[in-house]
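User: I would like to learn how to read a few features of a model like this one. Could you take me through them one at a time?

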2 protein chains.
Amino acid sequence: MASPHKVLLSLLSITLFSFSVSPVSSQHEHPLDPLSPVEFSLIRDAVKRSYGASGENVTFQYVGLDEPDKSLVHSWMSSQASKKPPPRRASVVVRLHGQTHELVVDLSSHQPSIVSKEVYHGHGFPMLTIEEQTDAIELPRTHDEFIQSIKNRGLDMSSVVCSTFAVGWYGELRSRRVVKVLAFYTNGTVNFYMRPIEGIVVVVDLDLMKIVKYHDRFATTVPTAEDTEYRLEKQNPPFGPHLRGAAIVQPHGLGFDIKGHTISWANWKLHLGFDVRVGPIISLASIYDLEKDKYRQYAGNIMWRHTEVGIPDVKINEVRSDVSLVVRSVSTVGNYDYILDWEFKPSGAIKFEVGLTGVLEVKAVNYTHASQIKEDEYGTMVGANTIATHHDHFFTYHLDLDVDGAPNSFVKTNLITKPVAEEGVPRKSYWTVSSKTARTESEAQLHLGLEPCDLIVVNPNKQTKVGNNVGYRLIPGPIASPILFRDDYPQIRSAFTNNNLWVTPYNKSEKWASGRYVDQSRGDDTLAVWTKRNRKIENEDIVLWYTLGFHHVPYQEDFPIMPTLSGGFELRPTNFFDRNPVLKTKSPEPVILSCKP
Amino acid sequence: MASPHKVLLSLLSITLFSFSVSPVSSQHEHPLDPLSPVEFSLIRDAVKRSYGASGENVTFQYVGLDEPDKSLVHSWMSSQASKKPPPRRASVVVRLHGQTHELVVDLSSHQPSIVSKEVYHGHGFPMLTIEEQTDAIELPRTHDEFIQSIKNRGLDMSSVVCSTFAVGWYGELRSRRVVKVLAFYTNGTVNFYMRPIEGIVVVVDLDLMKIVKYHDRFATTVPTAEDTEYRLEKQNPPFGPHLRGAAIVQPHGLGFDIKGHTISWANWKLHLGFDVRVGPIISLASIYDLEKDKYRQYAGNIMWRHTEVGIPDVKINEVRSDVSLVVRSVSTVGNYDYILDWEFKPSGAIKFEVGLTGVLEVKAVNYTHASQIKEDEYGTMVGANTIATHHDHFFTYHLDLDVDGAPNSFVKTNLITKPVAEEGVPRKSYWTVSSKTARTESEAQLHLGLEPCDLIVVNPNKQTKVGNNVGYRLIPGPIASPILFRDDYPQIRSAFTNNNLWVTPYNKSEKWASGRYVDQSRGDDTLAVWTKRNRKIENEDIVLWYTLGFHHVPYQEDFPIMPTLSGGFELRPTNFFDRNPVLKTKSPEPVILSCKP
């Protein structure tokens with residue numbers, strides 16, 4: 001039976017970047033601050049109140065800051081926060097009686113109030129709450145057929161753990177709000193993902209909170225618990241390899257300053273927000289008047305260097321050490337863990353890195369040796385009875401760059417080969433650049449890897465002293481693009497990954513590349529659809545959407561928990577400064593310590 | 001006048017890797033140790049003596065270790081260094097009376113002797129010595145026409161600095177051993193590369209050590225010294241951005257051990273050699289019985305982690321910190337500085353990174369603003385009168401992997417999309433893998449970036465417990481390939497960059513991808529030529545040649561000295577271990593210090 005392998009789509013990490021030389025106020029209450037615990041309570045009370053008697057049945061699927069218009073934030077900032085901040089609002093999605101309601105709650109007045117309420121009639125469902133997932137995975141435990149299935153397999157119910165999985169959309173005309181519940185076995189390990197109990201289909205309707213479909217199709221050997229534990233206290237000697245301890249000491253202070261949600265470090269200043277769906281949101285990052293969270297790599301990275309022996313009797317060896325600010329967040333999505341790093345450098349560069357770790361998804365098989373496998377099992381045998389399945393990871397970054405102001409253009413600088421046919425010149429070719437500004441959205445869509453090019457966001461209204469447009473460029477890392485058929489259902493839904501890069505005009509409502517309601521979406525509300533309008537993007541407030549991807553063929557080293565695998569990209573100033581902005585940066589003073597461990 | 005832009009080719013970084021689980025002796029005298037100062041003296045004396053009266057005219061162009069055959073090194077190692085080491089020999093290239101002589105000097109006996117002496121009659125010339133470059137750049141100073149040219153430009157001879165540049169090969173039938181000498185101006189800066197004196201052609205014959213061609217073609221404004229200084233003591237306030245000092249403290253010791261040229265760290269052991277042409281050579285890197293030079297990134301990188309909340313009433317948060325060993329070398333090639341890092345990880349991964357910094361090559365023009373430029377100037381205006389020219393950097397790594405023994409195969413695992421046409425299955429496609437072992441050299445040649453694939457070196461004779469072939473895979477970073485015409489002279493000479501990856505059977509004489517004599521070579525002794533024999537590479541001792549490239553369009557931030565730009569690739573164990581090799585690694589103990597700065 002060909003069970004087509006599963007594609008794990010990670011639709012996350014929306015990041016807002018704004019480059020400007022304007023100073024950022026460091027007042028404690030900032031219009032982009034995430035909602036506070038007090039505000040969450042006020043919102044809950046206001047929403048429940050507004051539904052009267054039905055209020056008790058409302059479930060909160062999403063609550064987040066409804067960001068004020070950019071122009072209002074900028075105007076508040078340019079007033080050095082002396083102006084009244086823009087109205088503070090929350091965006092709320094609730095479920096009630098099987099319907100999705102979208103609300104906007106105003107928090108500016110003393111008594112918070114609902115300023116907008118609409119029932120959503122489109123496709124797709126909101127995010128699952130922890131509570132409803134917890135309820136759903138408890139249902140099989142008291143379901144007679146499930147109890148029988150576990151018994152038939154000779155397994156002990158007290159060691160069975162369940163987990164919810166989204167059902168996707170495969171062309172069904174009608175969708176109900178359901179999830180699949182899969183069963184796993186602990187019994188000697190916490191790494192239950194390595195012990196799937198195969199063949200049981202359990203579908204739970206979340207609105208009814210009951211099992212609406214049950215089917216025991218087949219059984220396989222459950223892989224052994226042996227070698228799957230990752231907790232330190234469960235490991236037996238010998239341990240190793242042994243690593244020596246090290247500490248970073250900064251006797252002159254940490255070097256960064258946090259006021260409210262605003263971080264200052266070296267020549268950077270930025271606002272770090274948070275959203276339950278996308279995680280950290282970095283806004284208003286500005287370099288010049290200077291900005292942090294954590295130091296890294298402090299051990300001999302080189303910002304720039306040069307040794308010069310070309311001048312008689314002069315010997316020059318100039319080196320400046322590099323220090324970076326790393327904003328790190330870790331997001332555990334079920335079995336997988338994603339490490340998201342934003343590394344800010346004094347040179348103006350920002351490096352984005354995603355690290356993949358955690359536990360693979362595996363399926364159980366009756367095979368115990370690779371030589372027994374005669375047909376496609378959609379993965380690698382990583383242990384006896386255990387196939388780790390092929391899968392993809394895609395991360396779409398929302399990069400709202402305002403290079404020295406909002407009106408920007410996207411310029412693709414192609415590196416092109418030209419023939420040399422001049423008399424007396426033996427060279428036959430050379431390469432040069434040909435720059436093209438994208439006028440509309442379709443002109444900016446890019447499938448990378450085929451031709452060499454530089455990808456630059458410029459401010460066409462601002463020049464350096466010698467007349468280059470100020471800009472920032474995106475330097476891609478390793479590229480991976482989707483390899484499913486374009487008309488396959490998962491790819492219809494994730495069509496926003498069909499290009500590595502898209503550029504759109506800024507639009508407050510276009511926040512998540514995958515659309516507002518991803519669960520069972522039909523792909524009709526994604527970046528790929530919005531951009532079909534082919535809007536003007538030249539000298540406009542524009543947003544870059546960059547997709548970072550990994551095709552993951554697992555190997556045995558990824559079992560039972562995988563060593564971090566990383567990829568990323570870089571934003572780098574491009575004629576943004578008149579010259580090297582760290583030319584006059586001194587290496588930090590050497591630290592001399594007298595320490596007692 | 002169209003002066004086709006210059007392509008900077010960096011043909012370096014040959015690295016020898018050998019993966020095996022066999023223990024490496026850590027005796028002080030190792031057959032792969034680089035030549036010692038005493039040995040250099042012995043070689044000089046022996047060579048001079050062998051030429052009798054002509055001995056005084058001999059110039060030494062290259063002296064390096066003639067590595068013993070691999071089999072001899074392995075047999076010596078497996079004897080725990082109790083056997084006599086293999087004969088110690090040096091490979092020497094000298095010039096005498098306008099000819100290139102190749103010598104092998106035996107150092108095993110008490111009195112070193114020449115065991116082989118041949119005159120080389122092929123194309124290309126050996127490396128330039130520092131001494132002959134120093135002599136060559138002094139010649140213009142006393143050359144009447146040059147003195148007149150400097151005077152005509154109103155410049156002061158005492159501030160003129162010259163530098164040598166290879167002339168390349170453009171189809172000439174006869175070549176002499178010549179270099180171009182270009183002139184620059186200091187006068188207020190040490191960054192003379194930013195002040196080229198254009199239009200003067202000086203060609204020096206190195207064998208005659210005299211100017212054989214002189215032509216003053218045209219003059220341009222020499223760019224100002226202003227803003228070009230990079231030395232700290234020449235900078236005026238304000239300084240910044242300010243970075244705080246930090247120190248890494250390892251109270252339990254550095255964690256690595258160096259005996260002779262053998263480095264042990266964590267689960268790694270490796271031999272670090274050195275060659276004047278390629279820099280550091282890492283050999284016999286083995287993981288299991290453990291091997292170093294320097295710590296990095298020690299600050300919160302994550303080897304692996306997982307948070308688990310899926311088991312009722314159990315909360316798990318397991319994290320292991322990562323620590324790496326970095327072997328770093330910096331190579332200044334005239335104006336440019338290359339930072340070469342090899343990062344060894346306890347997980348068995350090795351990350352290769354190249355950092356580009358130093359000073360750009362620029363040309364002087366009469367323009368002072370970009371708007372004045374009406375035709376292709378082959379670069380970016382980075383300052384008044386200053387165009388930084390487009391160029392490429394290519395680094396070819398010689399990766400001699402012996403995965404668990406010498407006989408290995410190269411396997412390309414293609415990720416392929418397959419249709420699903422099964423009744424009742426709504427999915428339309430899925431992807432799977434199709435592995436193909438390269439039988440001959442031509443089957444392994446790869447132009448990356450077009451199709452997704454995993455590139456694996458396996459030992460087809462060794463399997464893991466569940467039956468996968470043990471292997472290591474190469475994970476490419478960003479890809480750049482040459483974009484000159486294939487029949488253009490520079491590309492004929494650097495045809496070994498035409499593929500991103502080549503695989504050859506091990507051959508002691510095939511050491512440098514660019515051939516033995518690169519200066520004015522005609523490309524007839526490169527990897528691209530050797531591999532035309534299309535030898536068998538399946539289950540053989542094989543070598544991977546990986547080319548890392550950068551197309552560099554300069555920007556103003558790169559002036560007057562460029563912030564480091566990096567790229568790299570990774571080697572990662574692939575079913576080499578039965579499971580995650582760092583599962584049982586403990587994070588280093590936290591360091592608690594009482595310090596006084």
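Analyst: Gladly, and element names come first: helices (H or I, at least four residues) and strands (E, at least two) are DSSP runs, numbered from the N terminus. This is a predicted model, in which local features need pLDDT of at least 70, side-chain atom pairs count only at pLDDT 80 or more, and totals for chains, interfaces and linings use all residues. Residues are numbered from 1 along each chain as its sequence is written, chains are lettered from A and ligands numbered from 1 in the order in which they are written, and side-chain values use heavy atoms, with hydrogens and water left out.

User: Then let us start with the backbone. Where in chain B is B:Pro238 placed?

Analyst: Most residues other than glycine have a negative phi, and most peptide bonds are trans. Here, B:Pro238 sits in the loop between β9 (210-216) and β10 (247-249) of chain B, and a cis peptide bond with omega of about 0° joins B:Pro237 and B:Pro238. In chain A, a cis bond joins A:Pro237 and A:Pro238, with omega about 5°. A:Pro238 is in the loop between β8 (210-216) and β9 (247-249) of chain A.

User: How do I read the relation of the two chains?

Analyst: Two copies of a chain are related by a rotation about an axis and a shift along it. Contact is taken as heavy atoms within 4.5 Å. Since 100% of the interface residues of chain A are also interface residues in chain B, the copies meet through the same surface.

User: What is the volume of the second largest cavity?

Analyst: Rolling a probe the size of a water molecule over the atoms shows where empty space is left. On a 1 Å grid over the protein atoms alone, a cavity is a set of points where a 1.4 Å probe fits but cannot get out, and lining residues have an atom within 4 Å of a point. Grid points are joined across faces, edges and corners, and a volume is the space filled by probe spheres set on the points. The second largest cavity has a volume of about 100 Å³. Of its 13 lining residues, B:Leu32, B:Leu65, B:Glu67, B:Phe274 and B:Ile281 are the closest to the centre. β2 (59-66), β13 (268-275) and β14 (279-287) of chain B each supply at least two lining residues, and β13(B) gives the most, with four.

User: How many aromatic pairs does the structure hold?

Analyst: A pair of aromatic rings is described by the distance of the centres and the angle of the planes. Rings of Phe, Tyr and Trp (its six-membered ring) pair if their centres lie within 6.5 Å; planes under 30 degrees apart count as stacked, over 60 as edge-to-face and the rest as tilted. Over all chains the structure holds 42 aromatic pairs. In one of them, the rings of A:Phe192 and A:Tyr193 have centres 4.4 Å apart and planes at 35°, so the pair is tilted. Both A:Phe192 and A:Tyr193 are buried. Ring pairs link A:Phe165, A:Phe184, A:Phe192 and A:Tyr193 into a cluster.

User: Finally, which residues is B:Arg522 in contact with?

Analyst: Leaving aside neighbours within four places in sequence, B:Arg522 is in contact with B:His123, B:Trp169, B:Glu172, B:Leu173, B:Arg174, B:Ser175, B:Ile492 and B:Arg493. B:Arg522 belongs to the loop between β29 (501-505) and α7 (527-530) of chain B, and it is buried, with a relative accessible area of 14%.

Conventions
On a 1 Å grid over the protein atoms alone, a cavity is a set of points where a 1.4 Å probe fits but cannot get out, and a pocket is an open set with protein on both sides within 12 Å along at least five of seven lines; lining residues have an atom within 4 Å of a point. Buried means under 20% relative accessible area, exposed over 50%, partly exposed in between (1.4 Å probe, protein chains only).
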